[in-house]
Every structure is written in C-alpha cells, then in structure tokens.
Amino acid sequence: MSRLDFTLQERHEAELRALLHRPDGHEAAAYVLYGVSRVAMDPWDRQSRLRLTSYRVIPVPDEDLISASDKHVTWSTKSFLDLCRVAKAEGLIVGIAHSHPGGYPEFSTQDEKNERELYRLARNRNGAGVMLASLLLIDGDICDYAARLWIDDTQPIDSDAVIAVGARLRVLNGLSGFSGEAFERQALAFGPSLNLLLARLKIGVVGCGGTGSAVAMLLARLGVGQIALFDEDIVEVSNLNRLHGARRDDADGMRLKVEVVARELAGLGLGVRPVVIPHWADADEARDALLSCDIIFGCTDDHAGRLFLSRFAYFYLRPVIDLGLALTPRGEDGQVGNMIGRATVLRPGTPCLLCRGIAHPHRAAEEELRRAAPAEYERQKREAYVRGGGNPAPAVVTFTTETATMAVNELLQGLTGYRDDGGWAAQRIRRFDLGIDRLQGAKQNPGCILCVDQGYWGRGDVDPFMDRVG
C-alpha cells in the first residue's frame, strides 16, 4: 500500500478554516480539488507514495445543505457529482472536508460510512481508478487536521502528514518523537518542536559544489533527518578550496561530488540519512527523489536548472530556496567589483526567477544544447549563435559558505518565524563588499503563467512533466 501526505496552499487552509469553523458550533463541510504527484519509490521509505496538493477550495452551496448540528452535517450530493465531473475533465482528485467542532480527534464511524458511499458515487460517475480525499478539521482547544484517501471502497489510506505552505511552512497534524542529545542546546533557542520537525523533513540539495556542500553540512548539523544530494559532476582540483569535505584524493580519484558530501554527512554520526542522486535534478532518474522532498535548496549556477526548479516550486507546492553568488573580478586599477550573495524563496505568492530576471530562457536553451549536443554547441559558438563559456567565475569559500548560511537561516525563518517580521523573505541580498543586507522586491510580468496566473499552483503531475515542451 502506498504512503500518503497532503500539502495545502496557505490561502486554501485559511479558506477552509473560514468555511468549517462555524460560529454556531455546528459541523460544516466544503470541497477541495487536489493535484497529485505519484512517487514510484521514496528513496528513504523505499515505498510508493502519493502526495496530494490543494488546487481549489469550493464551498458547499447553501441550497445543498440539509441539516447540521454539533455532531453531524448533511448535504445533497448534487454538487458533489458536479465536482466529480470537473475533477475528471481537469485530471484532478475530488475531496471533501468537514469539521469536528467538539474536538473529536479522529474520523468517526459515521464519517467512514458516508465517505464509502461518496466514493462509490464518484466511482460510478468517473469510472475505475477514481480516488476520494477526505480532510478533517479537529476544532477543539487546538485546531488540528487529519486526512485520508479512498482508492477503493474497503479501507482508506491514512495520511502521514498534513502541511501548509505559504509565508511559512507549518505541520498541521502535530509532531511526535524525540530529539537526540546533540540538539539539546538548539532546543533551548527554538523549543523542542523544531528539532522534531527537522528530523521529519526531507530536504533536497541540488548542486553539491561550494554553496551546496555547505548547505548540506549545515542542514545535517541542524538535525535534518533526510537529505537528498543531486549532482552529476566530479570533484576537481579547482573545487578543493570551497567544497566542504573534499580532499585531494577525491579529485585524483574523480569521485562524484554527491558521494563525497554523503560520506561527510554520514560520518557526522548525527542520524542524518543522505541519499545520493548522481544526476541533474531534471533527469528522469532523479524524479522520485525530487518529488519525495519537502523543501529544495537550489545551489546550481545554470539557467536551465533554475528555470526547472522555479517551475517545480509552483506545480508541487515545494518551497525552493535558490542561492546565488556574484563576485566581480578585480579590475586593472585594483578595484574590487560587486560582491553579492543572494537567497530567493520560491513558492506560490512570490515572483518566479523568470520575473526576477535571475534565470533567462535563451541562456537555458544554450546550456541544454551544450549538454545534449556538445558538437553542435561548439559549431554554433564558432558562428556566434551562442555565447562562449568564458573564464570561470570567481569563488571564495568564505562567501560561498556565508551565502549558504544565509539560505539555511531563511529555512529556519520559514519554520519558526524567529525574525518576527512575517514569513520567508522573498529575496534577501547580502553585499559582502558593503557589509549590508537588504530585501529585494520584483515586478511580476502580468502574463506570467507561473507566479501570476495560479493555474499551475498545486497542479502536480501532468503530461508532459510540468507542462514542459522541448
């Protein structure tokens, strides 16, 4: 049987609370349409997984409501069948949501009976393979959620987690377990719940060079339980001044960067479980691991990779923290140019990297051509159709590591809100040469299909993958 979890857009979770929390104390209901990502094998659990992402919240029409009390809610199935038709046409999963205002902490026997009948209605309407999602708001002293999925009419699959993603990342179904003694002093700063959350999270690091290796080491020392490392490159001598954990024999032996970083993480003895993915993040072989992650750090310096991860954040509601470092070489007059580190958080509600001018489609196409057809790339470069590689970019370990620290601190802000200024900063810039930080906004393209249109937010799996053509 597959594992299961739910991710709600923060705005949808707010809509559901407003619809389900009635001032008269009666139960209430609403509908939710979900996208889904299908993970053939989670690299940590070694099981298949279904990950549902909220796409649209729909109130139950007032005229469909039959009766309600503090113990039940009943409504006509006409609107449910109408929604089944919409779900089938759009390739989505239909879901119901209801409340237990008295705080009863689990689905009731009556809930099970009613949901089984609704599942059968949906199957009769949409055919074999239909699924029915159910979300329960437990509205007692502490509002909490439970969730499950019907894939047949025998027994539903209970969800492992219910998460809300927006200005923050919040776990909505409670945390349990214990934190190791290595993280006791961290708990003094943030409380024990952060350690429990970090141990539960699955975080991907895309690119394991100077910034990526530093990010991975910081995550492990924070107590992140599962870390996936994505990179196809090998260690070279020029990496040794900034790739954390790398040694000269790694360069001489042409070891993969991901293997070197994983070796160092495992050697810490902090309980982290690293997974090595020796591919670029957009490779088919990397997809299950990428879809299994809750948060992604983008530590790649290529435009193609950034455009891919930017798309991923909106389709799958997985926050992506993209890192950048720009050091301008010294001029002939001895003057140092700009020295800038950047951390950008991508999620529904924030500008994408395309609108920010950080990633460029033409440059991405050139990079894809160089990877897929190097001979053709060289021919076009000679004929001035593409830009040449030029000199390597400057890199200094203190700046790559400080940029990584800035990005990981942004993760902590999204989990704890320690800065008391809202949630994640959409983009934080650090001027190393001036010793200042600033937040940076962006003007969105009104026609942007990613960060303005909302049609892809939480859409999940589509064919072709993330609607990418070419």
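At 56% relative accessibility, R46 lies over the 50% mark and therefore counts as exposed. In this predicted model, R46 is found in the loop between strand β2 and strand β3 (49-59). The backbone at R46 has a positive phi of about 60°, although R46 is not a glycine. Most residues other than glycine have a negative phi, and most peptide bonds are trans.

A second residue of this kind is M466, which is not a glycine and has a positive phi of about 55°. M466 lies in the segment after β19. With 0% relative accessibility, M466 counts as buried because the limit for that class is under 20%. The segment after β19 (436-439) also holds P464. A cis peptide bond, with omega about 5°, joins D463 and P464.

Which residues are in contact with S37, leaving aside its neighbours within four places in sequence? They are R49, L50, R51, L291, Y316, R318 and D461. One of these contacts, Y316, also belongs to an aromatic cluster that it forms with F308, F312 and F465.

In the pair of Y31 and F80, the ring centres are 6.4 Å apart and the planes stand at 40°, so the pair is tilted. Y31 lies in strand β2 (residues 29-39) and F80 in helix α2 (residues 78-90), so the pair ties together parts that are 49 residues apart in sequence. Both Y31 and F80 are buried. Helix α2 also contains A89, but A89 counts as exposed, at 69% relative accessibility. The C-alpha atoms of A89 and L270 are separated by 48 Å, and these two residues are 181 places apart along the chain.

The nonpolar interior can be considered next. In soluble globular proteins, nonpolar side chains tend to be buried together. The largest nonpolar core here has 47 residues, and those with the most contacts inside it are V215, L219, I227, L229, L265 and F297. Apart from this core lies another, of 35 residues, among them A228, A281, Y314 and I358. Returning to L219, one finds that it touches I203, V205, V224, I227, F297, V408 and L411, when residues up to four places away in sequence are not counted.

L265, named above for its contacts in the largest core, is one of the buried residues of helix α8 (residues 257-267). Helix α8 is followed by G269, whose phi is positive, near 70°.

The axes of helix α5 (residues 192-200) and helix α13 (residues 397-416) come within 11 Å and cross at roughly 115°. The crossing of α5 and α13 is right-handed. Which residues meet there? From α5 come L194, L197 and L198, and from α13 come L412, L415 and T416. By class, this contact has five nonpolar residues, one polar residue and no charged residues.

Technical notes
Residues are numbered from 1 along each chain as its sequence is written. This is a predicted model: local features need pLDDT of at least 70, side-chain atom pairs count only at pLDDT 80 or more; totals for chains, interfaces and linings use all residues. Side-chain values use heavy atoms; hydrogens and water are left out. Axes are lines fitted to C-alpha atoms, for helices over the stretch in contact, and angles run from 0 to 180 degrees between N-to-C directions. Helices (H or I, at least four residues) and strands (E, at least two) are DSSP runs, numbered from the N terminus. A crossing is left-handed if the near helix is turned anticlockwise from the far one by less than a right angle, and right-handed if clockwise. Contact means heavy atoms within 4.5 Å. Ala, Val, Leu, Ile, Met, Phe, Trp, Tyr, Cys and Pro count as nonpolar, Asp, Glu, Lys and Arg as charged, and the others, Gly among them, as polar. A nonpolar core is a set of buried Ala, Val, Leu, Ile, Met, Phe, Trp, Tyr and Cys residues joined through side-chain atoms within 4.5 Å. Buried means under 20% relative accessible area, exposed over 50%, partly exposed in between (1.4 Å probe, protein chains only). Rings of Phe, Tyr and Trp (its six-membered ring) pair if their centres lie within 6.5 Å; planes under 30 degrees apart count as stacked, over 60 as edge-to-face and the rest as tilted.
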